[in-house]
Amino acid sequence: MKSQTTKRSGCAFRTLGRRLGFGLALVLASLLASGLWAGQAKPLAALEGELLATGTKGPVLKMHDKDQPLSAVTQYLFHTLQDKRLDGREVRVEGTRKPGGTFEVQWLYTIHQGKLFRVRYFCKVCNIVALEPGPCICCQQPTELQEIRVEESSK
Ligand SMILES: [Zn+2]
C-alpha cells in the first residue's frame, strides 16, 4: 500500500477499512487456530452411549441413532477410550464436536445404574495413579482399571 493515499480522505477511508478488515480476519483466524474461540463460546456438549473401544477406525460412541467417532484432547484420554476393558460399556463423554465429524472428548465417565464414575489407572505395587492404560511407569507391572464414583456435589 502507498502512503500517499492517506492524503486524500476518500482513499484514506478505503485503506483504513481494508486494514481493519484484514486485521479482524487475522484475529479471527488466530482465535480459530488456537481453539480459544470454540472453547470459550460453547459450553461442552455431553453424549451418552455404548463405547466401542476396539474399532479399526478408532473409538466410537454407539448411540441409538448414530455411531459417533471419537477423538480426545489428550493422548492419555485417547488411549483410555481405546482400552478394551471399557469396550461395550455405557459411558458419558463431554467435549466438543469437530468440523471433521468427530467428537473431541474432554471428560469421560462410565455409567452404572445412572451414576457417573471417573476412570483411572492404579498401580497397587507403587501406590500411584497412572494417566493411561498400560504398564506402570515405575515398576512396569500392569495397572488396574478403577472407577471412582463422582459425587453430585463435586461435579
Ligand atoms: Zn508400579
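# Exercises on salt bridges and a zinc site

Glu104 counts as partly exposed, at 21% relative accessibility. The model used in these exercises is predicted.

**Exercise 1.** State which side chain Glu104 meets in a salt bridge, and at what N to O distance.

Solution. Step 1: the cut-off for a salt bridge is 4 Å between a side-chain nitrogen of Lys or Arg and a carboxyl oxygen of Asp or Glu. Step 2: Lys98 and Glu104 meet at 3.6 Å, N to O. Step 3: Lys98 has a relative accessible area of 32% and is partly exposed.

**Exercise 2.** Describe the network of salt bridges that includes Arg92.

Solution. Step 1: the side chain of Arg92 meets that of Glu48 at 3.0 Å, N to O. Step 2: this pair links strand β1 (residues 45-52), which holds Glu48, with strand β4 (residues 90-97), which holds Arg92, 44 residues apart. Step 3: Arg92 also forms a salt bridge with Glu94, at 2.8 Å, N to O. Step 5: Glu48 is partly exposed at 42%, whereas Glu94 is buried at 10%.

**Exercise 3.** Work out the geometry of the zinc site and what the pair Cys123 and Cys136 ties together.

Solution. Step 1: the SG atoms of Cys123, Cys126, Cys136 and Cys139 coordinate the zinc ion at 2.3 to 2.4 Å. Step 2: four donors count as tetrahedral if all angles lie between 85 and 135 degrees. Step 3: the angles here are 101 to 115 degrees, so the site is tetrahedral. Step 4: Cys123 lies in strand β6 and Cys136 in the loop between β7 and β8, so the pair ties together parts 13 residues apart in sequence. Step 5: Cys123 is buried at 1% relative accessible area, and Cys136 is buried at 2%.

Methods
Residues are numbered from 1 along each chain as its sequence is written. This is a predicted model: local features need pLDDT of at least 70, side-chain atom pairs count only at pLDDT 80 or more; totals for chains, interfaces and linings use all residues. Side-chain values use heavy atoms; hydrogens and water are left out. Donors are N, O and S atoms within 2.8 Å of the metal (3.2 Å for Na, K and Ca); water is not among the atoms, so sites may look incomplete. Four donors count as tetrahedral if all angles lie between 85 and 135 degrees; four count as square planar and six as octahedral if opposite donors are over 155 degrees apart and all others between 65 and 115; anything else is irregular. Helices (H or I, at least four residues) and strands (E, at least two) are DSSP runs, numbered from the N terminus. Buried means under 20% relative accessible area, exposed over 50%, partly exposed in between (1.4 Å probe, protein chains only).
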